Amino acid sequence: MEREVEVTGFTNKKRGRRSCASPRRWARRGGIDRLADWVRWSAQRCASHAGREVCGRDAAKRLDAGGRPYGYPFPDTEASVYWHQDGAFVVFPISPGRYRVLADLPLTKAERPPTPTLDQAQAIITRRGPPGLIAYDPIWLAGFRINGRKVADYRSGRVFLVGDAAHVHSPAGGQGMNTGMQDAFNLAWKLAIVVRGTCGDQLLDSYSPERSYVGDQVLKDAGRLTTIGTLKNPVGQSLRNLVGHFMLGLMPVQHAFANSMTEMAIGYPKSPLNGAALRGSAGPKPGVRVVPLQGQSPLGSGGTPRFALFAQPSEAVTDLLKRFGELLEPELRAPFAHDEMLLVRPDGYVACSATSASVVGEYLGGLCISPMARQQPIAAMGGR
Ligand SMILES: Cc1cc2nc3c(=O)[nH]c(=O)nc-3n(C[C@H](O)[C@H](O)[C@H](O)COP(=O)(O)OP(=O)(O)OC[C@H]3O[C@@H](n4cnc5c(N)ncnc54)[C@H](O)[C@@H]3O)c2cc1C
């Protein structure tokens, strides 16, 4: 990472040998020659999420009122949503006495949404929020418009798009930052293994389909929540308020919502990295996230990203550990079921499940560059 530097263009070279998909080439295809333009151009290709706009206000403030601390009628750990006929108003506690409030406003014709003043924010709080909330000492006041769009491909040769450069959407559901961090999390271990020379470049090809799939889901969910949250039809508003009040009071719905917001529930069911799945197994399937087990070191932890093997010790498994020492954690983890093996990626998602070490060997051999790892006869690995 280079700070205080602006990217104005890039040349996509393959280790300095030949140039491929340079900005000029992109330019020839789409009439562009800057990275930002490329992102915009790629985003425009994603027709399913053309830019829908609503206008909003976002501000971090302290809310205060006599009687209750800070005037907020809920514990400082709970966000609250007020569905007013004028539009939604949301309060997010950040730290004791510090809150972020957000409200949607009618779209203006101005080129950029105007920055709200503290008085305007207070007027909205008074009209839409709980009685007695007073805002003062704002640290951030901002007007923004919502765009929902994403690029068609997160990778162009040696260039990878991560975070808002690849996808932007409404803040409804609070997914933007999480999604960007998980893009980086998905890419980092793959880059590390490829740069180390253990796996071939094709491992990196899985980044775009995996994260693009998640990006599509996040965009859809954020779009739906925004539509519901900004309903203007009074009948629709009443129905939403009634159903929302009932549903959000249910514990399972709250859990599902929390899982979705934290993105713990996401998976890669269609990933090109998914290997064999054991039929009839009660364990997690390829592409599903393995919940960290208490007392075990987190999957992928340590200086070098490695796959984890959940299996009973055996000769064939010891062989696997030796043959793929650069890719596998040196220690086995206890299997989920006695005769089942689970290979888990460094980011905690299942790669494949099997009863035979040869299936796992074949999977890892397919990723490896090393001729030793690739060529060893699979039959020699045997079953357990
Ligand atoms: C009002 C609002 C509320 C939000 N609320 C939430 C929330 O509750 N939860 C959540 O998860 N997310 C939320 N988000 C989204 C979240 O803020 C973003 O998803 C996240 O900040 C994106 O991080 P990023 O690093 O991908 O991009 P950015 O934070 O945009 O960082 C990109 C950086 O690249 C720099 N840059 C841009 N162009 C160039 C160039 N050509 N050369 C060099 N540097 C360049 C920029 O200056 C910037 O520093 C919200 C967003 C908004 C607008």
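Predicted model: local features only at pLDDT ≥ 70, side-chain atom pairs only at ≥ 80, totals over all residues.

Me: How many residues surround the ligand, and which are the closest?

Reply: The ligand is surrounded by 15 residues, the closest being Gly163, Pro171, Gly174, Gly176 and Met177; near means a C-beta atom, placed from the backbone, within 6 Å. Two or more residues of the shell come from each of α2 (35–45) and α4 (176–195). Helices here are DSSP runs of H or I with at least four residues, and strands are runs of E with at least two, numbered from the N terminus.

Me: Which element gives the largest share of that shell?

Reply: That is α4, with four residues.

Me: Changing topic, what is the strand order in the open sheet of three strands?

Reply: The order is β12-β13-β14, with antiparallel pairing; strands pair if DSSP finds at least two bridges between them. β12 (308–310) and β14 (350–354) each have a single partner strand, so one side of each lacks a neighbour in the sheet.

Me: How many bridges join β13 and β14?

Reply: Strand β13 (residues 341–344) pairs with β14 over four bridges. Leu343 has Cys352 in β14 as its bridge partner.

Me: And α6, how many of its residues are buried?

Reply: The number is zero of 14, so α6 lies largely in the open. Buried means 20 or more other C-beta atoms, placed from the backbone, within 10 Å of the residue's own.

Technical notes. Residues numbered from 1 in each chain as written. Buried ≥ 20, exposed ≤ 12 C-beta atoms within 10 Å, placed from the backbone.
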